[in-house]
Amino acid sequence: WQGDEENFAKHGFLCGKRQIGGNGKAIELYVGDGDARAVSVIQQGGKFEAWRDAIAVLDEWPMVRVGIYASLAAPLIAILEAPNCIVEWCGDTTGGKTVTLQAAQSCWQNGGARPPTWATSVAGIEARAQVLNDMPFIIDDTAEVMESKRKDLLTSAVYMLESGHTRTRATKDMTERPSKTWRTIVMSTGEYMLAEYAGTGGAAARVLTFWGPPLGDSSEATNATIRKMISALRKNYGHAGPMIVKWLTDNRDQWDVLRDDYARYIAAVCRSVTSPAAMRLAPAIALLQVSAKLAHLVLELPWTKQSMIDDPVILAALERAVQYATMAANKPRQA
């Protein structure tokens, strides 16, 4: 979103280098060589209708559909004044975790490309989060990090990404250097939960974890269907995210309605589960719910239109995610 302190969206939204909405003032994006690739891949290819036809097969796999909702939630964070959140899919090496990220990625860029992995540094994560402000931060496979560095990097990354800013640093003359800031939803995968690596209870309570294979079985029929979908997402991508942004810029009078929905969903989660971890995760669950509702409205997604919490598979996964966070945050009980 491009604006100022009084109106964060005054000049619309920069989707890569494409400006959507605004008040007539043209905004251009300049980035250094290191950030150029992260920006250049945010683009469109093929047709929206072909993308929508390709993802129709996800009617069979609710937990992959959640990836679509999460990806489209990023531009809503500023509007809803929601905190950043982290969503992860965990389990064995096969089962569709990377496919889930590719489907989510296809809302903004080439869905056939391999998502970036956790084999990076805290500084690299900082830089990428800042340049992808108000867009999803998609990162694959925690096992890619060297084991000796894994705990330190992941603990630092979880806190930093969720907080939305870098730690305070000093310049050479001992004055305070401005922090980098961002709004994002982080989407991650791994064989184990981030909470297993991020050793403190506070870090564990910041992550919404979906455990198990998003695609269920790994039969040849399933694999063939997914290969066909990914092939289509290599050619047709990058339409859904900008369409959501376009609707948001054209319907600012509906932002209060979205905020009311968000507040209502948070209250519903807090009423149903009263643990501290559930209350911490309630904004993330509510954000996904608002995003799902908006995605069906704007994109007419090709599967049954229903609330996330009305889908028994997704509801069960959300309930388990709250249980995982509750247990992971209670380190003394684990000991």
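**Overall fold, then two close-ups**

Of the contacts between residues at least 6 apart in sequence, 75% join residues at least 24 apart; contact means heavy atoms within 4.5 Å. This is a predicted model: local features need pLDDT of at least 70, side-chain atom pairs count only at pLDDT 80 or more, and totals for chains, interfaces and linings use all residues. Numbering starts from 1 along each chain as its sequence is written, and side-chain values use heavy atoms, with hydrogens and water left out.

The chain has 15 helices and 8 strands. Those are DSSP runs: helices are H or I, at least four residues, and strands are E, at least two, numbered from the N terminus. The radius of gyration is 19 Å, close to the 20 Å from the globule rule for 335 residues, so the chain is as compact as a globular protein of that length. That radius is over C-alpha atoms; the rule is 2.2 Å times the number of residues to the power 0.38.

Buried residues are 52% of the 335. Buried is under 20% relative accessible area, exposed over 50%, partly exposed in between, with a 1.4 Å probe and protein chains only.

First close-up: strand β8, residues 207–211. There, 4 of 5 residues are buried. β8 pairs with β3, residues 85–90, in the parallel sense over 5 bridges; pairing takes at least two DSSP bridges. Cysteine 90 has tryptophan 211 in β8 as its bridge partner.

Glutamine 105 is buried, at 3% relative accessible area. Beyond four places in sequence, its contacts include Asn110, Pro116 and Ile138. A polar atom of the glutamine 105 side chain lies 2.8 Å from the backbone oxygen of asparagine 110.

Conventions. A polar contact is a pair of N or O atoms within 3.5 Å; within protein, one must be able to donate a hydrogen and the other to accept it, and residues adjacent in sequence count only if both atoms are side-chain atoms.
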